[in-house]
Amino acid sequence: VVLDISRQDVSEHLFAKISHLVQHVGIDYIKWDFNRDLVEAADAHGRAAYRRQVLALYALWDRLRATHPALEIESCASGGGRADWGALAHTQRVWTSDNTDALDRLRIQGGAWQFLPPEITGTHISAVPNGITDRVFTLGFRAAVALFGHLGIELDPLELSADERDELVQWINLHKRLRSLLHSGDAQLGEQTADRVVRGVTATDCSAAVFLIAQSGSGQARSAAPVLLPGLDPARQYKVCAPSPQKLMGNNPSAANRSLFEKGIIVSGAVLTEMGLTLPRLYPAQALVLECNAIDILPG
């Protein structure tokens, strides 16, 4: 059954019940799900009501937020859900999919970035095996993919090993450190093939950037092509590093790759955007997060 919120008595009932729970239970976040499509877009009298229903929902959201200013509401993505641009004026974030499988999320979140600011899209580090696909990925891969959004944790830390809990804390701290950039910069959509995804966020003045390089397939070439990092200032120099808790992977890494993880490397924006970086080899379901910070004077 779909409640007809355009009816005043229904809207009043919902507001009273939800407002009571928010106030007396201490709720500060509501996930407003939409798992029931409006297949009959009419009211009890057979009159067209879809538009009135949507506007009434927006008004209910606004009323709840006005009464409880600290309340955050997350809208839904599922078929027929209100993850539209209209909903963005009335909610604080959007859930892009119940599928939190990190490999699938590369495609899902990339599509969402075409329409929605990354910082309002819910991205969770979820448990494994994944509840939708039953696939198992490393904590590092799941965290790297989830870093670029409104980060959440969808697992029980008590079920993690001591090493995994420590790694999770480091990923959360990394997100907190980068959050002001991730949630205010310009989204950059780079390479997206069947084998590799490159995307990131750059500061509006190009002074800093964070990029995700994720391997989704094995690729056909013996060696992967250099990675281009879009949106940087070609006239500036950048210190590029792979921040903790990431560790260098692969056999016989180059000196440049070791430096990338240990102290960072200095590269011009022109090289990063036009020629690219040769990075450590990534296997399917592996990812690398790169942090770039502009510098004024080269050391030495």
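The legends below describe a predicted model, from the whole chain down to single strands. Local features need pLDDT of at least 70, side-chain atom pairs count only at pLDDT 80 or more, and totals for chains, interfaces and linings use all residues. Residues are numbered from 1 along each chain as its sequence is written, and side-chain values use heavy atoms, with hydrogens and water left out.

**View 1. The whole protein chain.** The chain has seven helices and 11 strands. Helices (H or I, at least four residues) and strands (E, at least two) are DSSP runs, numbered from the N terminus. The C-alpha atoms fill a box of roughly 75 × 40 × 40 Å along the principal axes. Of the 300 residues, 45% count as buried (buried is under 20% relative accessible area, exposed over 50%, partly exposed in between; 1.4 Å probe, protein chains only).

**View 2. The open parallel sheet.** Five strands line up in the order β1-β2-β3-β4-β5, with parallel pairing. Two strands pair if DSSP finds at least two bridges between them. β1 (29-31) and β5 (150-154) stand at the edges with a single partner strand each, so one side of each lacks a neighbour in the sheet. The twist averages 35° from one strand to the next. Axes are lines fitted to C-alpha atoms, for helices over the stretch in contact, and angles run from 0 to 180 degrees between N-to-C directions.

View 3. Two bridges join β3 (residues 93-95) to β4 (residues 121-126). Val94 stands opposite Thr121 in β4. Helix α4 (residues 139-146) lies across β4 and β5 and runs at about 170° to β4. Contact means heavy atoms within 4.5 Å.

**View 4. Gln23 in helix α1.** Gln23 belongs to helix α1 (residues 8-26). Its relative accessible area is 55%, so Gln23 counts as exposed. Trp113 is 90 residues away along the chain, and the two C-alpha atoms are separated by 34 Å.

**View 5. Strand β8, covered on both faces.** Eight of the eight residues of β8 (residues 208-215) are buried, so this strand is largely enclosed by the rest of the structure. One side carries Ala208, Val210, Leu212 and Ala214; the other carries Ala209, Phe211, Ile213 and Gln215.

**View 6. The partners of β8.** Seven bridges join β7 (residues 196-202) to β8 in antiparallel fashion. Arg199 has Leu212 as its bridge partner. β7 and β8 form a hairpin with five residues between them, and Cys206 in the turn has a positive phi of about 65°. β8 also pairs with β11 (residues 286-295), antiparallel, over eight bridges. There, Phe211 is partnered by Leu290.
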